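Me: I should like to understand the terms used to describe a protein model. Please take me through them one at a time.

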Amino acid sequence: MNVLVLEDDELVAELLETVIAGGYPGARVRLTGTLAQALAKVDTESFDLVVADWNLPDGSGLELVRQVRRRDSEVPLVMVSGRADRDSVLKAAHYGISGYITKPFSVEILHQRLAELLTSEGQYGPPDLEPMLKSGLERSVQLPGDQNPEDILELIERADQLSAAQLAERWREKTALVTRLLDVANGSSFRRTGKPVETVKDAITLLGVPMALNLALALSLDVSRKFHVSVLVELAAGFQDTASHVGREAQRLAITLKHSPVMYQKAGLLSRVGELAVLHILNQFASQGGEVSAELARRCLKEWAQPYGNRLKVQWRLPLGLRDMIGAVHFLPRDSTREERLIMRAAALMAEGQERTEECRRLLRRLGLDDGTGNSAQRDKP
C-alpha cells in the first residue's frame, strides 16, 4: 500500500505517518512538505491513499486533489485543514475528496475515518516474506506498542496539568513509545539545530505535552502492533523483558559507580529493538496470510535482527555514544577500555543470569567490583 501525505507541519506529518503506518501493516508512507514535491510524486507513482493539507507554502492542497482525480476517480483522498466553515467543506467536496478532517484533529477520529475509507484486508497478494524484510529496511520502522488507549485518552483530558518530566517518568520503560518520541523529536531537532535529543524528557519538552500524548495515542491505536501469533507473542515478551532487565542492571551498576543512570537504562531498553522490529514484520506477514513457525522466526531473527537494529539506530539518529553502549550489550572486544561499554556488557550478562561466568567476573573486576552487589575490588589494568 502506497500512501502520499502532503503536510508542511513536520510534527503533524510525523503524527499522520504514525497513524497510517500503524493502521495499515506494510504501508509505505511518503511525506512531502510542499505542493511541488507532492505533484512530482504523483507524476511518477500511483498511490492507494492521499492525505493533503489545504494551505501550503507554495499553493493549495486542492490542486493536488485535482491532479490526482484527473488520473484516478477511485483513490481515497482525505483533506486535512484548519478551515471548518461550511463553504470550505463544500468547496473541497466539489473537487472529489473522500473525507475532510479539521485541525486540530483528534487522533482517535483520524484513525476511525481512515478505517471507514480503507480496509487492510485483501489489499495484498500472496505474501512474500523476503521482500517484506528487505523493504522494511528502506522505510520508517515502528515497534509493537502496548499502551492502553483509554489510559492515553485520560492523560489527554488533563494534558494542561502534566509536565514533560511527569510523562518521561511514566513512560520511561515503554520501549516503543520512548523510541518513537525520540525519533520524531530528533527529526525536528536535527533540521533546526543539528543537535540530537538524547532523553525522553527533552523529546517531550521539544514536542510539547499535547503532541507527545497524540503520538502515544496513535501508537496505542495500532492494532497491528499487538501480536496474535503465539510464537511471536512469546518471543516479543522475552525480548522486551530482557531489554528491561538489562536496563535495570545497567542503571544499578551506573549508580554504584556514581554515573548518571539515565543513558545506561535507555541503552538497555533499546538493546533489542532489532529483534522487535523483525517480529513486527513477521506479524505483518502473518496478518496477510503467511504462516509463521518458531523455526522461521528464529531464522529471520538470526539473519535480520542486527541489520534492523543498525537501521533503527540511524533512523532514530541516536548519538554515537549511545549506539556504542547498545552494541556492547551484544558484543565487546576483550581489549575494550571504555567504562560505559564495560557496564553495558556486564549488565547484559547479569540480566541473562551469567553473573558467575568468567567473562562477567572479569568485567566486574575491571569496573572495580567483585560481584553484582557493589562490593569493591582492585581494578584490572587494561
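Reply: One term is needed at the outset: pLDDT is the predictor's confidence in each residue, on a scale from 0 to 100. The structure shown is a predicted model. In this protein, helix H17 (residues 339-351) has the highest confidence, with a mean of 96, and helix H5 (residues 107-117) has the lowest, with a mean of 76.

Me: What is the average pLDDT of the protein, and where does pLDDT stay under 50?

Reply: The average is 84, and 88% of the residues score at least 70. Residues 120-126 stay under 50, and the model gives them eleven contacts beyond four places in sequence. Residues 376-382 are also below 50, with 17 contacts beyond near neighbours in sequence. Where pLDDT is low, the predicted coordinates should not be read in detail.

Me: How many helices and strands does the protein have, and what percentage of its residues count as buried?

Reply: There are 18 helices and seven strands. Of the 382 residues, 52% count as buried. The accessible surface comes to about 17500 Å², and carbon and sulfur atoms account for 49% of it. Among contacts between residues at least 6 apart in sequence, 70% join residues at least 24 apart.

Me: Why does proline 76 count as buried?

Reply: Buried means under 20% relative accessible area. Proline 76 has 14% relative accessibility, and therefore counts as buried. This proline lies in the loop between helix H3 (61-71) and strand E6 (77-81). Its C-alpha atom is separated by 5.5 Å from that of serine 98, a residue 22 places away along the chain.

Me: Why is lysine 258 called exposed, and why is arginine 317 called partly exposed?

Reply: Lysine 258 has a relative accessible area of 75%, so it is exposed. Arginine 317 has 27%, so it is partly exposed. Lysine 258 is in the loop between helix H12 (230-256) and H13, while arginine 317 is in the loop between H15 and helix H16 (320-330).

Me: What makes helix H13 mostly covered?

Reply: Six of the eight residues of H13 (residues 262-269) are buried. They are Tyr264, Gln265, Lys266, Ala267, Gly268 and Leu269.

Me: How do you know whether H7 is roughly parallel or roughly antiparallel to H11?

Reply: The axes of H7 (residues 149-157) and H11 (residues 209-220) come within 9 Å and cross at roughly 165 degrees. An angle over 145 degrees counts as roughly antiparallel, so H7 is roughly antiparallel to H11. Their crossing is left-handed. Pro149, Ile152, Leu153, Leu155 and Ile156 of H7 make the contact with Leu213, Asn214, Ala216, Leu217 and Ser220 of H11.

Me: Why is H6 described as roughly parallel to H15?

Reply: The axes of H6 (residues 129-136) and H15 (residues 294-315) cross at roughly 20 degrees and come within 11 Å. Angles under 35 degrees count as roughly parallel, and H6 is therefore roughly parallel to H15. This crossing of H6 and H15 is right-handed. On the H6 side, the residues that meet H15 include Leu129, Met132 and Leu133; those of H15 include Leu296, Cys300 and Trp304.

Note on methods. Residues numbered from 1 in each chain as written. Predicted model: local features only at pLDDT ≥ 70, side-chain atom pairs only at ≥ 80, totals over all residues. Heavy atoms only, no water. Helix = DSSP H or I, 4+ residues; strand = E, 2+ residues; numbered from the N terminus. Buried < 20%, exposed > 50% of the residue type's maximum accessible area, 1.4 Å probe, protein only. Contact = heavy atoms within 4.5 Å. Areas by Shrake-Rupley, 256 points an atom, 1.4 Å probe, with all protein chains shown as cover. Axes fitted to C-alpha atoms, helices over the stretch in contact; angles between N-to-C directions. Parallel < 35°, antiparallel > 145°, perpendicular 65-115°, else oblique. Left-handed = near helix turned anticlockwise from the far one by under 90°.
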